[in-house]
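Student: Hey, can you walk me through the pockets in this one? I'm new to it.

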Amino acid sequence: MFRRKDLLGLRDLSREEIMTILELAAEMKQKIDDPSLRSTELKKSSIVTLFYENSTRTKMSFMLAGDYLGAMVKDLGVSTSSVNKGESLIDTGMTLDQMGINVMIIRHQLTGAAHILAKNVKASVVNAGDGSNEHPTQALLDLFTILEYKKRFEGLNVTILGDISHSRVARSNAFGLTKLGANVTLAGPSTLVSNSMKCLGVNVTSDIPAAISNADVVMGLRIQFERQKNMPFPNLREYSSLFGVNNELLKKYAKEDVLIMHPGPVNRGVELASEVIDGKNSVINIQVKNGVAVRMAILKLLTESNVQGGGAQ
Ligand code: CP
């Protein structure tokens with residue numbers, strides 16, 4: 001069951017809503033490889049992407065997800081838009097609303113930007129990442145991938161490792177995974193993971209071997225240099241030797257069937273060694289494909305829910 005105008009975060013979603021999205025995504029995934037299964041069910045919907053921050057995976061997979069369902073999909077191209085003349089987010093949203101847009105997909109550097117947009121437009125709004133707050137569609141594709149490989153969430157040990165403090169991916173995954181019964185450990189240097197995160201119902205540690213040794217899933221996260229005020233460790237070589245994951249570390253401490261994940265883009269050789277990214281336990285490329293399937297499911301569910309915003313009746 002899914003009856004929402006917007007998808008703004010996993011903090012707000014119930015277990016049932018999350019599972020509805022994941023179940024529909026499993027159906028949608030077939031359409032990626034088999035063009036004959038692609039449909040026109042969203043042919044009356046128009047979708048716009050508004051990315052105030054850079055993206056490859058999220059933006060492109062939303063655009064393709066809309067295309068595969070027959071929607072009209074446009075990118076605002078924020079850097080060449082009237083945003084550069086000082087137009088506010090609300091005015092930009094209201095302008096697009098008047099043009100008959102049904103779904104707005106926004107990535108913005110400020111926490112809460114998607115919520116502000118959602119309050120001011122009839123269209124459905126999807127949060128494609130707001131500051132360090134949430135990145136719900138990334139977490140949903142991560143959940144989908146975990147379920148595909150591990151077949152359950154209950155009792156699963158998931159370690160998220162790296163730049164936790166700036167990570168909207170870590171927060172959305174923590175909300176989703178704990179709701180579904182997984183045990184979540186956030187690991188990294190104390191400058192990048194704070195004990196205050198324990199309020200999310202997760203474990204926090206800087207002991208990397210311990211964080212890896214019991215894990216069914218290890219998710220690496222990129223150091224977000226663009227969000228750092230000061231360098232949180234002396235140098236990259238030191239970071240990768242103390243907190244990076246390589247084959248030697250996995251062989252010594254990890255389970256044989258540990259799933260290696262990363263939302264991308266990866267700083268190869270920093271949070272994960274190339275041998276791990278390209279290794280037999282890595283599902284990083286599968287995550288990308290699953291992102292299209294999950295985003296197709298989200299577009300379909302929101303369009304069906306938001307009749308007021310011009311969705312299906
Ligand atoms: N994982 C993720 O959000 O990637 P992009 O920044 O390329 O969209």
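**Pockets and their linings**

Tutor: The lining of the largest pocket splits into four nonpolar, 10 polar and eight charged residues. Ala, Val, Leu, Ile, Met, Phe, Trp, Tyr, Cys and Pro count as nonpolar, Asp, Glu, Lys and Arg as charged, and the others, Gly among them, as polar.

Student: What kind of model is this?

Tutor: It's a predicted model, where local features need pLDDT of at least 70 and side-chain atom pairs count only at pLDDT 80 or more, while totals for chains, interfaces and linings use all residues. Residues are numbered from 1 along each chain as its sequence is written, and side-chain values use heavy atoms, with hydrogens and water left out.

Student: Why does the largest pocket lie between domain 1 and domain 2?

Tutor: Because domain 1 (15-135 + 288-307) and domain 2 (136-285) both give residues to its lining. The domain bounds come from an automatic or database domain assignment.

Student: How much space is in the largest pocket?

Tutor: About 440 Å³. Its lining has 22 residues, and the closest to the centre are Arg107, Arg168, Arg222, Gly264 and Pro265. A pocket is an open set of points on a 1 Å grid over the protein atoms alone, where a 1.4 Å probe fits, with protein on both sides within 12 Å along at least five of seven lines; lining residues have an atom within 4 Å of a point. Grid points are joined across faces, edges and corners, and the volume is the space filled by probe spheres set on the points.

Student: And what's the volume of the second largest pocket?

Tutor: About 230 Å³. Among its 13 lining residues, Leu250, Lys251, Glu256, Lys280 and Asn281 are the closest to its centre.
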